[in-house]
Amino acid sequence: MYWDTKISDGRPVVAVLPFAVIDQDGEMSRFAQGIHEEICGELTRFRGLQVISPASVVGIAELPDASIGDRLGASHVLRGRMRRAGDDIQLMASLSSVRTSAQFWSERFVIASDSLIDFEGRLVGRIAATLNVKLEETALAEARRRPAKSLAAYELTLSGLSMLRQGTREANDAALALFDRALAIDPLYARGHSGLSLCWFNQWNCQFWDRFEEASQKAYLHARRALELDDGDAMTHLVIAQVALFRGAWEQAAWYVDRALMLCPNDADLLVTAATLEVFLGRPEAASEHVARAMQLNPYHPNDYFAFAAFAAIFSGNMEDGHRLWARCDTAPLIDMPAYVAAAHAHMGNLDLARAEYDRYLEGYREKIAFGADFAPTAPIEWLFKVNPFRRVEDLNFLKQGCLVIDQPLPAPMQTVDPVKAGAVLARSGSGWIVDFAGERAHLPDLKGMHDIRRLLEAAGEEIHCLDLAEREAEVPGGDAMLDEKARTALKARVRDLQEELAEAEDMNDSGRVEKLRSEMDAIVETLSAALGLGGRRRKLGDLSEKARTAVTWRIRHAQRRIEAAHPPFGRHLVNSVRTGTFCTYRPETAVAWKFDGQ
């Protein structure tokens with residue numbers, strides 16, 4: 001007996017059939033079963049799709065697509081087959097529409113038989129990402145052909161997101177109307193609220209300066225509402241990250257970016273959007289990895305992926321790669337992208353190219369920011385430094401110096417961290433620490449992260465394993481999950497509450513309450529980070545290195561926040577110079593002659 005699973009909200013419903021194995025082969029049959037289950041699981045991460053349970057498709061693979069659609073309510077069917085070819089395994093996958101019987105995607109993969117396990121994760125990610133892109137393209141094309149009054153909330157939202165990518169005021173207004181209509185159909189549709197947040201975010205970030213406060217507040221409120229409705233939607237977390245980033249809430253933005261990537265690590269467009277935020281957060285190397293991964297997942301990616309790759313490369317210091325990638329792009333998805341390229345050319349002495357790219361930036365500014373009206377000669381450069389939310393001082397200095405080379409007038413002098421010519425001091429003082437840096441002195445509390453930072457300063461330029469910083473703390477025996485589902489859900493709910501309370505405390509300039517809330521959130525996030533592994537899966541105890549990496553990273557970041565509040569120049573210096581991970585290091589741009597206890 002079969003039951004009706006037809007869904008009326010407009011989202012594609014995919015039936016992933018078990019992969020057929022040509023010639024009986026036990027090893028390959030087990031691999032095919034694993035691939036089938038992994039693809040189903042990975043597709044559920046994409047909130048724009050619905051996936052038929054793997055158990056529901058057992059025994060019906062031989063039926064025609066139309067019959068499968070009738071029985072399971074599927075709109076699309078994914079089929080695959082596998083066969084041995086010498087030392088390799090060939091896998092063919094294809095996706096068909098139940099309604100039209102048209103096959104609109106197929107691809108052949110060749111896998112070395114001795115690398116099945118290593119290849120499985122990449123294969124699953126590639127298939128899932130490709131299906132998501134193809135199904136969204138198909139749904140959008142069908143929505144454009146149908147009467148507007150017949151569109152479902154999902155289709156209206158998909159159309160709105162497509163409009164937003166045009167980057168014009170008119171398209172933004174049209175998208176806002178589409179999201180409003182989607183929410184009129186389904187007021188609890190999280191993606192509709194995410195879309196509205198992006199519309200108001202665009203107005204706040206790029207357009208109506210006379211409505212700045214109103215647009216900022218609406219962007220934040222709709223993003224928070226979307227998160228309340230669907231905590232598992234990676235796109236919603238990325239929207240919150242964008243809003244937080246442009247508010248200067250660096251740690252909050254970084255946390256939501258990381259969370260989005262854990263929720264859906266194989267969405268190519270999400271990876272590219274995250275890459276942009278990573279550059280602003282001062283993590284351009286991670287941004288380059290995200291874009292490279294996105295290009296692997298979607299080999300037929302839009303041309304503007306090259307622009308995002310160039311953005312990451314330039315602020316990683318790989319200016320030659322940045323120029324090469326930018327040359328392959330025929331659009332400027334970021335209004336300020338030509339200005340970044342101009343600064344890179346200026347640093348390399350290519351003054352004619354630098355001025356040409358800056359002129360291209362002025363054209364984009366005139367069209368999308370000034371809307372064709374006249375503007376003051378200094379307006380574009382003031383915009384560049386006012387709007388770009390670069391966390392690292394060195395990135396702002398990079399732009400500043402590039403503008404000076406091509407004789408562009410600068411706004412008010414920007415604060416920089418000068419080399420410490422007379423040296424600096426970090427020493428114990430009573431129950432805390434004292435720091436002398438850049439002509440300023442401050443007293444700091446005794447935190448675990450302060451001890452880590454001192455060890456890194458003492459070994460400038462060297463990589464120290466996180467286990468050494470953590471002093472190789474004893475491994476907790478056993479292999480049970482660190483948090484059960486109920487505990488993790490409760491902690492995640494508390495994090496959302498703390499985000500709201502923090503925003504309120506910061507608005508009221510209540511520094512004491514802010515510090516207390518941040519400490520609680522740090523502890524919860526550290527617990528969740530230790531409990532959640534790749535893709536949001538529960539992490540098991542016993543991974544000593546991973547536990548140490550998480551603990552050391554969070555205690556250093558906590559110490560950096562306290563330092564930034566007490567001694568801003570030293571705090572900025574550490575943000576720019578300290579890198580954490582499995583190996584931690586302190587690499588200042590300019591050598592600092594540090595003195596410690598007893599020196």
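At what angle do the axes of helix 14 and helix 17 cross? I took this up as the opening entry, after noting the basis of the model.

**Basis.** I worked from a predicted model, in which local features need pLDDT of at least 70 and side-chain atom pairs count only at pLDDT 80 or more, while totals for chains, interfaces and linings use all residues. Residues are numbered from 1 along each chain as its sequence is written, and side-chain values use heavy atoms, with hydrogens and water left out.

**Entry 1: helix 14 and helix 17.** I took helices (H or I, at least four residues) and strands (E, at least two) as DSSP runs, numbered from the N terminus. Axes are lines fitted to C-alpha atoms, for helices over the stretch in contact, and angles run from 0 to 180 degrees between N-to-C directions. The axes of helix 14 (residues 337-347) and helix 17 (residues 393-405) cross at roughly 70° and come within 8 Å. Helix 14 is therefore roughly perpendicular to helix 17; the classes are under 35 degrees for roughly parallel, over 145 for roughly antiparallel, 65 to 115 for roughly perpendicular, and oblique for the rest.

I then listed the contact (heavy atoms within 4.5 Å). From helix 14, Ala339, Tyr340, Ala343, Ala344, Ala346 and His347 meet Phe398, Leu399, Gln401, Gly402 and Val405 of helix 17.

**Entry 2: helix 11 and helix 12.** For helix 11 (residues 284-297) and helix 12 (residues 305-315), I read axes that come within 8 Å and cross at roughly 155°. That makes helix 11 roughly antiparallel to helix 12, and their crossing is left-handed. Helix 11 contributes Pro284, Ala287, Ser288, Val291, Ala294 and Met295, and helix 12 contributes Tyr305, Phe306, Phe308, Ala309, Ala312, Ala313 and Phe315. I counted this contact of helix 11 with helix 12 as twelve nonpolar, one polar and no charged residues.

Entry 3: I treated two strands as paired if DSSP finds at least two bridges between them. An open sheet of four strands shows mixed pairing in the order 9-8-7-13. Its edge strands are strand 9 and strand 13 (594-595), each pairing on one side only. Helix 18 packs on this sheet, touching strand 7, strand 8, strand 9 and strand 13, and its direction makes about 140° with that of strand 7. Helix 23 (residues 568-577) also packs on the sheet, touching strand 8, strand 9 and strand 13, at about 90° to the direction of strand 8.

Strand 7 (residues 424-429) pairs with strand 8 in the antiparallel sense over five bridges. Ser429 stands opposite Gly432, and Ala427 opposite Ile434. The hairpin of these strands has two residues between them, and Gly430 takes a positive phi near 65° there. Strand 8 and strand 9 (residues 440-444) are likewise antiparallel over five bridges, with Asp436 partnered by Arg441. Their hairpin also has two residues between the strands, and Ala438 in the turn has a positive phi of about 55°.

**Entry 4: Trp433.** Beyond its neighbours within four places in sequence, Trp433 contacts residues including Leu426, Arg428, Leu444, Met450 and His451. The C-alpha atoms of Trp433 and His451 are separated by 9.9 Å, with the two residues 18 apart along the chain.

**Entry 5: Ser101.** Most residues other than glycine have a negative phi. I noted that Ser101, although not a glycine, has a positive phi of about 60°. Ser101 lies in the loop between strand 5 (88-97) and strand 6 (103-112), and is exposed at a relative accessible area of 57%.

Technical notes: Buried < 20%, exposed > 50% of the residue type's maximum accessible area, 1.4 Å probe, protein only. Left-handed = near helix turned anticlockwise from the far one by under 90°. Nonpolar A, V, L, I, M, F, W, Y, C, P; charged D, E, K, R; others polar.
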